[in-house]
Amino acid sequence: METLLFLFPQFNYMAPKEEAYFKMLCPEDLQAPKMKEDSSRQKDKERKSRLSLFLTKSGSHENVSPHKKTNTTSNNISPEAALQWSDSFEELLKDSDGVETFSQFLRTEFSEENIEFWLACEEYKTIDSGTKLLSKAKYIYTVFIVSDAPKEVNIDYNTKMAIQRNMEQPTKSCFEAAQMKVYSLMKKDSYPRFLHSDIYLRLTRRKGPGATMFRRRSRSCVFNERGEPTTEPSAW
């Protein structure tokens with residue numbers, strides 16, 4: 001009883017029936033509601049953890065990206081093709097190998113959700129079926145937009161709320177503002193670092209920033225059997 005009064009000082013003055021009832025309770029009974037609450041929170045954490053694990057194992061990038069290649073290796077990418085990615089961020093995104101290589105780089109920075117979200121939005125805008133559009137919108141919202149989502153992207157509160165209001169009747173443009181913000185972030189922040197990364201420099205066979213590939217050919221002067229000067233190509 002002393003323990004109960006210590007835990008619940010408001011019961012220092014109780015009617016006889018109430019006092020008799022509390023004497024029958026043990027501390028474990030009084031802690032039951034708190035234990036249930038803790039258990040509920042733990043279940044929520046486990047649910048989010050399982051969802052994140054499921055998305056990882058099922059290859060969420062493969063699900064949302066039409067550019068995904070299952071067997072892409074750096075050996076299949078020529079230095080000339082990789083060099084074209086440095087022309088612009090737009091040029092990089094046009095190439096499926098460029099998208100995959102850029103995704104690999106973002107994984108090293110733990111920000112692959114940005115390219116995955118952008119690709120999901122690109123695919124979303126191609127859907128014509130209203131039913132599929134609603135299903136895909138809810139998927140994107142659950143995975144990338146909602147607070148504490150497994151792959152939550154960094155967008156401002158107003159943009160997030162605007163998307164939430166559109167979830168009842170999503171349109172093809174409901175993710176457009178968020179997609180543009182994520183695109184701008186990748187272009188201004190991640191893309192310049194990618195061009196100086198080991199992943200990219202190995203593909204272009206350059207040793208470091210500022211190095212160049214020699215792709216010019218010179219023509220050297222030689223003499224034929226008749227002693228006339230001729231030229232033949234030689235690589236520097």
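The structure is a predicted model.

## Secondary structure and contacts

The protein contains 12 helices and 2 strands.

Among contacts between residues at least 6 apart in sequence, 56% join residues at least 24 apart.

## The packing of helix 8 and helix 11

Two packed helices are described by the angle between their axes and the distance between the axes. Helix 8 spans residues 113–124, and helix 11 spans residues 176–195. Their axes come within 10 Å and cross at roughly 140°. Because angles over 145 degrees count as roughly antiparallel, and this crossing is at roughly 140°, helix 8 is classed as oblique to helix 11. The crossing of the two helices is left-handed.

Which residues make the contact between these helices? On the side of helix 8, they are Asn114, Ile115, Phe117, Trp118, Cys121 and Glu122. Helix 11 contributes Ala178, Gln179, Val182, Tyr183, Leu185 and Met186. By residue class, the contact of helix 8 with helix 11 comprises 9 nonpolar residues, 2 polar residues and 1 charged residue.

How values were computed
Residues are numbered from 1 along each chain as its sequence is written. This is a predicted model: local features need pLDDT of at least 70, side-chain atom pairs count only at pLDDT 80 or more; totals for chains, interfaces and linings use all residues. Side-chain values use heavy atoms; hydrogens and water are left out. Helices (H or I, at least four residues) and strands (E, at least two) are DSSP runs, numbered from the N terminus. Contact means heavy atoms within 4.5 Å. Axes are lines fitted to C-alpha atoms, for helices over the stretch in contact, and angles run from 0 to 180 degrees between N-to-C directions. Angles under 35 degrees count as roughly parallel, over 145 as roughly antiparallel, 65 to 115 as roughly perpendicular and the rest as oblique. A crossing is left-handed if the near helix is turned anticlockwise from the far one by less than a right angle, and right-handed if clockwise. Ala, Val, Leu, Ile, Met, Phe, Trp, Tyr, Cys and Pro count as nonpolar, Asp, Glu, Lys and Arg as charged, and the others, Gly among them, as polar.
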